[in-house]
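Here is a short briefing to read alongside the structure. Take a moment with the view below, and then we can walk through it topic by topic.

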Amino acid sequence: MLIPHHLLEADTLTRLIEDIVTREGTDNGDETPLATRMQRVRQALERGAAVIVFEPDSQQCLLMAKRDVPKEWLD
């Protein structure tokens, strides 16, 4: 299920982005400051290059590149 980022309250979106970029395995040795990583995600969402997906099996929100989302999800 896609979650339109613009429908989330600002604080909720910020907490969600922070949760996504700080999950285990997301840094891959990246020394980029947290604020910069969060800003990159926010910009990707605003440009439409990324989307937030709720995964019901894991009960988690994921960030996906729009190009990787099945076309039927975007309709």
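In this predicted model, the largest nonpolar core is made up of 13 residues. Leu13, Leu16, Ile17, Val21, Val41, Leu45 and Ile52 have the most contacts inside that core. As background, nonpolar side chains in soluble globular proteins tend to be buried together.

**Who builds the core**
- Two or more residues come from each of α1, α2 and β2 (50–55).
- Helix α1 is the top contributor to this core, giving five residues.

**How the two helices meet**
- Two packed helices are described by the angle between their axes and the distance between the axes.
- For helix α1 (residues 10–22) and helix α2 (residues 34–47), the axes come within 10 Å of each other and cross at roughly 115 degrees.
- The α1 and α2 crossing is right-handed.
- On the α1 side, the contact involves Leu13, Thr14, Ile17, Glu18, Val21 and Thr22.
- Facing them from α2 are Leu34, Arg37, Met38, Val41, Arg42 and Leu45.
- By type, the residues of this α1 and α2 contact comprise seven nonpolar, two polar and three charged.

**A threonine in the connecting loop**
- Between α1 and α2 runs a loop, and threonine 32 lies in it.
- Is threonine 32 buried or exposed? Its relative accessibility is 18%, so threonine 32 counts as buried, the cut-off for buried being under 20%.
- Setting aside neighbours within four places in sequence, threonine 32 is in contact with Arg37 and Arg40.
- Arg37 is also one of the α2 residues that meet α1.

Technical notes
Residues are numbered from 1 along each chain as its sequence is written. This is a predicted model: local features need pLDDT of at least 70, side-chain atom pairs count only at pLDDT 80 or more; totals for chains, interfaces and linings use all residues. Side-chain values use heavy atoms; hydrogens and water are left out. Axes are lines fitted to C-alpha atoms, for helices over the stretch in contact, and angles run from 0 to 180 degrees between N-to-C directions. Helices (H or I, at least four residues) and strands (E, at least two) are DSSP runs, numbered from the N terminus. A crossing is left-handed if the near helix is turned anticlockwise from the far one by less than a right angle, and right-handed if clockwise. Contact means heavy atoms within 4.5 Å. Ala, Val, Leu, Ile, Met, Phe, Trp, Tyr, Cys and Pro count as nonpolar, Asp, Glu, Lys and Arg as charged, and the others, Gly among them, as polar. A nonpolar core is a set of buried Ala, Val, Leu, Ile, Met, Phe, Trp, Tyr and Cys residues joined through side-chain atoms within 4.5 Å. Buried means under 20% relative accessible area, exposed over 50%, partly exposed in between (1.4 Å probe, protein chains only).
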